[in-house]
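Student: I have a new model to look at, and I would like to learn how to read its features one by one. Could we go through it together?

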Amino acid sequence: MFKGQPKGLYFLALANTGERFGYYTMLAIFALFLQAKFGFSSVMTSQIYAGFMACVYFLPIIGGMLADRRGYGKMVTWGIVVMFLGYLALALPAPQNGVGIAAMVGALFLIALGTGLFKGNLQVLVGNLYDAPEYAERRDAAFSIFYMAINIGSMFAPTAATKITEYFMSKANLTYVSQIPQWANQFLDGSIKPEALAQYKELAQAQGAWNGDLAQFSQYYIDNLSGAYHWGFAVACISLIFSIFVYIIGRPYFKHADVNSKQQATAGNTSSVKVEELSPTETRQRITALCLVFAVVIFFWMAFQQSGLTLTFFARDYTQLSGLTGFTRFGFSILNLVLVVIGVYGLFAIFQSAKTSSRCLATIVTLVSFFGAYYLYNGMEPSIDVLPQTFQQFNPFFVVALTPVSLAVFGALARKGKEPSAPRKIGIGMIIAALGYLVMVFASIGMPTPNQLAETGIAADQLASPEWLISTYLVLTLAELFLSPMGISFVSKVAPPKYKGMMMGLWFAATAIGNYLMSIIGSLWGPLPLWVLWSILIAVCSLAAIFIFSMMKRLEAVAK
């Protein structure tokens, strides 16, 4: 897996890890922040969230086009600077009025613009490393490693957001209760229902900061919860400082890959990375094949990105968050998950190490990791409470833990000449994504609609077990491993050299469209039964799978 990879890969991956840690720390609490601070409805929250995500993944087209003319490395550097300014603006407290909303929108635009300059061009640099003949066969494995590094940053993000929220809430003598932000805003604008008001008073009176005045308490709770979220956004600024440091230190190892077709021609073809010449017909065929793949991944991201929106709503409103006992507690400790990851990689090192001393060391590391996880689990409180954003750590954990498994399986199939092509893996990923939402259908049977829940609440015995969401994240992660790193690798391999930056940008544009389409499900969050919403996603993923398999021969011919 790691053997024979160029050193530049690891510096680029680590720079991306830092940036993604900050981004996903922000994203873990963003939808909750919008509803808590501004009292936005699910529809408005979905539109803002999806619009931001669409910009984040649409602007790499602009970043790619600029890089095709000005250079990939230069755009990556500017992207980090612009992102830093955006996160800094978002971290600064702003009033709960039009000025505050305008400041937030401006900050989001800077973050999206900086990401557009950074994200796609960093991945083009990775792909360019593997244009050298001696590394060409390691391209798919390299992008799996790169993708794993992204998710290492993502894995720690929800815990960082949670710990910051808990710390600043405790300083204000408050605890997070999922129903309070919504009911506090409803109380202040006079829209709260009598039955909900009675429940809200009970929850407010249980808070340490309760002073007998419900109006004052409501504003106090919203201000302090919003302030905690602002501190969470500030984490991204720190993570970007780490990213630019790693990028600068590692530049000598990937500088030779920072060359576009224009620079290659100017340099007189002296670079070690050779630019392939294609006929106009071959160029059209490749672009057409890529556009077909882009059309499919739109619907994957529409389904997958529900993790920060409707799946977070489900975690907040329909899932048991307090009094968790038994083995369920294990996954909510980030240290436990880290030790499991170390143990998994230790197991693979045992079987893949060539030297006896290396195998012995890997065995020791594996045993220490698993025993350490067992020890930490036994030392946990018998009953724990969690916050809704914590569930978002399971997807990146599964990505990191399962990446070596997927690479081992694909490697074994490749040795037998049976490894599926990248387009076929994408089709399989769409089928698996549909199965992920089938799990949510079963979890949601008999649940009240969100509108009913807002008026009357939900009984504790109706709340879903956390295992339903965890299982969904596991299945969606399997789909992601089939689709996302393989798709990026496919783009970097098939894209015509003159349009590499733009084609990688279009990959993100497809992601952007999918991210915006996810707002459809968020906009329907209210009157419809939950199982109907999840069924829409099942149908979308299934139709996309049928489409890509119908085009498989054409796509595989280009991929060869």
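Student: Which residues make the nonpolar surface patch of about 760 Å²?

Tutor: First, a word on the source: this is a predicted model, in which local features need pLDDT of at least 70 and side-chain atom pairs count only at pLDDT 80 or more, while totals for chains, interfaces and linings use all residues. Residues are numbered from 1 along each chain as its sequence is written, and side-chain values use heavy atoms, with hydrogens and water left out. A patch is made of residues with over 30% relative accessible area and no salt bridge, where like charges are joined within 9 Å and nonpolar side chains (Val, Leu, Ile, Met, Phe, Trp, Tyr) within 5 Å; the areas come from the Shrake-Rupley method with a 1.4 Å probe, and for residues only the protein chains shown count as cover. Here the patch is made by Ile431, Leu435, Leu438, Phe442, Ile445, Trp468, Trp531 and Phe549.

Student: Which helices each supply at least two residues of the nonpolar patch?

Tutor: Helices are DSSP runs (H or I, at least four residues) numbered from the N terminus. In this model α16 (422–444) and α20 (530–550) are the ones, and the largest share, 4 residues, comes from α16. Ile445 lies in the loop between α16 and α17 (450–456).

Student: Does Ile445 count as buried or exposed, and why?

Tutor: Buried means under 20% relative accessible area, exposed over 50%, and partly exposed in between (1.4 Å probe, protein chains only). Ile445 counts as exposed because its relative accessibility is 56%.

Student: How many salt bridges does the count come to?

Tutor: Side chains of opposite charge can pair when their charged atoms come close. A salt bridge is a side-chain nitrogen of Lys or Arg within 4 Å of a carboxyl oxygen of Asp or Glu, and the count here comes to 3. One of them joins Glu419 and Lys425, with the closest N and O atoms 2.7 Å apart; Glu419 is partly exposed at 30% relative accessible area, whereas Lys425 is buried at 1%.
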